[in-house]
Amino acid sequence: MSSKQQLIEQIIQAWHELQRQTPLVQCMTNSVANNYVANILLAAGASPAMIDNPFEAESFTQISSALSINIGTPTTEQTQAMLISAQTAQQHQVPWVLDPVGYGAVLKWRSETVDQLLHFKPSIIRGNASEISTLAGSQVQSKGVDSTLDSQDVYAQAKSLLQHAECIAISGESDYLISRQLDAVIKVNGGSHLQPKITATGCALGALTAAYSAVSSPLIAALASHTHFAIAGKLAYDQAQTVGSFNVMFMDYVHMLDENLIQQYVDIEILD
């Protein structure tokens, strides 16, 4: 059983490794998110590459440090590329993150694609409470891609998803992480209510989780990325309370995060 202080030390170590290694992250994300996701990864210290066509997918995944798949606005070619890259990542031990945006009965085609992607064993599955709940088999009504559930209500049923992935990350007002590595739930506090008001923050969090998975275990990768966002969101809101200004400050704090800020503002709990 890891102590809270041990987890904090591992978050700091993961942050240092991210800066040192500058991992190359292949991002297959949605059309409204590409620019924002790339900028967040650059700000955090990673190197993004938005390669998402089936003709280049296999060769590029082989040279990538990590892969992020976000099923937000799938096209036929992009879903082909996702399946190729996920299979390649599994074959070559490239860590990868699956973000099952909009999973559910209404969007049947994409949901069937997610079901296929699960066969290639993502390192981490990351999503909001409604997506994770539906993926775990509990049919809930989600409002488009926005969550209608509290993340706290979901982590018990999300344990079933550990048959597919090493770690499940459920984002919300507080974030909850479960994993095969630790027989406990980790709660990450912080952030701001303005984060969901900015397009692609969830997509960017998935990509940052992939970046951290290139330099640490799945649990620590998810913990480090969610802590990174939680601290940046809290500090940005302390400086700016309107959406536009907050967005700029959030990007700044994603970039300015360091060991001292992590030590000072990290807010995690280990739950039974």
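**Entry 1**

I started with Arg126, which counts as buried because its relative accessibility is 4%, below the 20% cut-off. I kept in mind that this is a predicted model.

Next I asked which element holds Arg126. Arg126 sits in strand S5, residues 124-128.

I then listed the contacts of Arg126, leaving out residues up to four places away in sequence. Among them are Val97, Leu98, Asp99 and Pro100, as well as Ala169, Ser171, Gly202 and His226.

The unreviewed UniProt entry lists Arg126 and Ser171 under "binding site". The two are spread over 46 residues of sequence, yet they cluster in space, with a largest C-alpha distance of 7.5 Å.

Is Ser171 buried or exposed? Ser171 has a relative accessible area of 15%, so it is buried. Ser171 belongs to strand S6, residues 167-171. I also found a polar contact of 2.9 Å between the side chains of Ser171 and Arg126.

**Entry 2: The nonpolar cores**

How many residues does the largest nonpolar core have? I found 63, and the ones with the most contacts inside this core are Tyr212, Leu223, Phe250 and Ile268. Helix H9, residues 218-239, gives the most to this core, with twelve residues.

Not counting residues up to four places away in sequence, Ile268 touches Lys4, Leu7, Ile8 and Ile11, then Ile186, Lys187 and Val188, and finally Leu223 and Thr227.

**Entry 3: Helix H2 and its cover**

In helix H2, residues 34-44, I noted Tyr36, Val37, Ala38, Ile40, Leu41, Ala43 and Ala44 as buried. As a reminder to myself, an α-helix has 3.6 residues a turn, so residues three or four places apart point the same way.

What covers the buried residues of H2? The cover includes helix H1 (4-21), strands S1 (24-28) and S2 (47-49), and helices H8 (201-213), H9 and H10 (243-256).

Just after H2, I saw that Gly45 takes a positive phi of about 115 degrees.

**Entry 4: Thr88**

Leaving out residues up to four places away in sequence, Thr88 touches Glu58, Thr61 and Gln62.

Terms used
Residues are numbered from 1 along each chain as its sequence is written. This is a predicted model: local features need pLDDT of at least 70, side-chain atom pairs count only at pLDDT 80 or more; totals for chains, interfaces and linings use all residues. Side-chain values use heavy atoms; hydrogens and water are left out. A nonpolar core is a set of buried Ala, Val, Leu, Ile, Met, Phe, Trp, Tyr and Cys residues joined through side-chain atoms within 4.5 Å. Buried means under 20% relative accessible area, exposed over 50%, partly exposed in between (1.4 Å probe, protein chains only). Helices (H or I, at least four residues) and strands (E, at least two) are DSSP runs, numbered from the N terminus. Contact means heavy atoms within 4.5 Å. UniProt positions are given in the numbering used here, feature names are shortened, and annotations may be inferred rather than shown by experiment. A polar contact is a pair of N or O atoms within 3.5 Å; within protein, one must be able to donate a hydrogen and the other to accept it, and residues adjacent in sequence count only if both atoms are side-chain atoms.
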